[in-house]
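Dear colleague,

Please find below the structure that I am handing over to you.

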Amino acid sequence: MNKQLIEDTFRLLQTEMSPIAGIQLPLSPAECEQLLPVLERHDLEYNRKVHLLGIYTILTMAAGRHMECVPHHPDLTRNILDGDYLYSFYLQFAVKCRELDLVAYLAPSIKKMQIRRANGDFTDQNPAAGIEEFLLQEQRQQNRTSKAI
């Protein structure tokens, strides 16, 4: 199932991403390995798994492009622009997938990471952990709601 999930996710991202941006998606399961166990631990509809994996993939790619931004690199400008485009694409994609609560949840950690990187701290970020924390919080809220009813 993971292979199909990855293929469906990349196919969706490729149709949503602007061809003008010229960004190629890596079609490697390795790109998804941190989030797949998270998705397996939660009882989610297949389409939501595709959307969450898409969000994760976009965030990972955006961070990766910005991590490649080193002075005097021949692709410095391209890496900056690609990373910026991918962060805006993440927001557009998340809105289209109706994952606004996830965006709001991840926003503080993404902003802190961007500030750290601007200050020279390139510690690796793990968006899978943030997505799992969000899913656990969402599950706890659903359990409280169902108990109240």
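A search of the whole structure finds 6 salt bridges, a salt bridge being a side-chain nitrogen of Lys or Arg within 4 Å of a carboxyl oxygen of Asp or Glu. The model is predicted: local features need pLDDT of at least 70, side-chain atom pairs count only at pLDDT 80 or more, and totals for chains, interfaces and linings use all residues. Residues are numbered from 1 along each chain as its sequence is written, and side-chain values use heavy atoms, with hydrogens and water left out.

One of the salt bridges joins R48 to E99, with the closest N and O atoms 2.6 Å apart. R48 lies in helix α3 (residues 46–67) and E99 in the loop between α4 and α5, so this pair ties together parts that are 51 residues apart in sequence. Helices here are DSSP runs (H or I, at least four residues), numbered from the N terminus.

R48 also meets E138 in a salt bridge (2.7 Å, N to O). Because E138 lies in helix α6 (residues 127–148), that pair ties together parts 90 residues apart in sequence. Through shared partners, R48, E99 and E138 form one network.

E99 is buried, with a relative accessible area of 5%, and R48 is buried at 19%; buried means under 20% relative accessible area (1.4 Å probe, protein chains only). Leaving aside neighbours within four places in sequence, E99 is in contact (heavy atoms within 4.5 Å) with R48, L52, I55, A94 and F134.

Yours sincerely

Note on methods. Buried < 20%, exposed > 50% of the residue type's maximum accessible area, 1.4 Å probe, protein only. Helix = DSSP H or I, 4+ residues; strand = E, 2+ residues; numbered from the N terminus.
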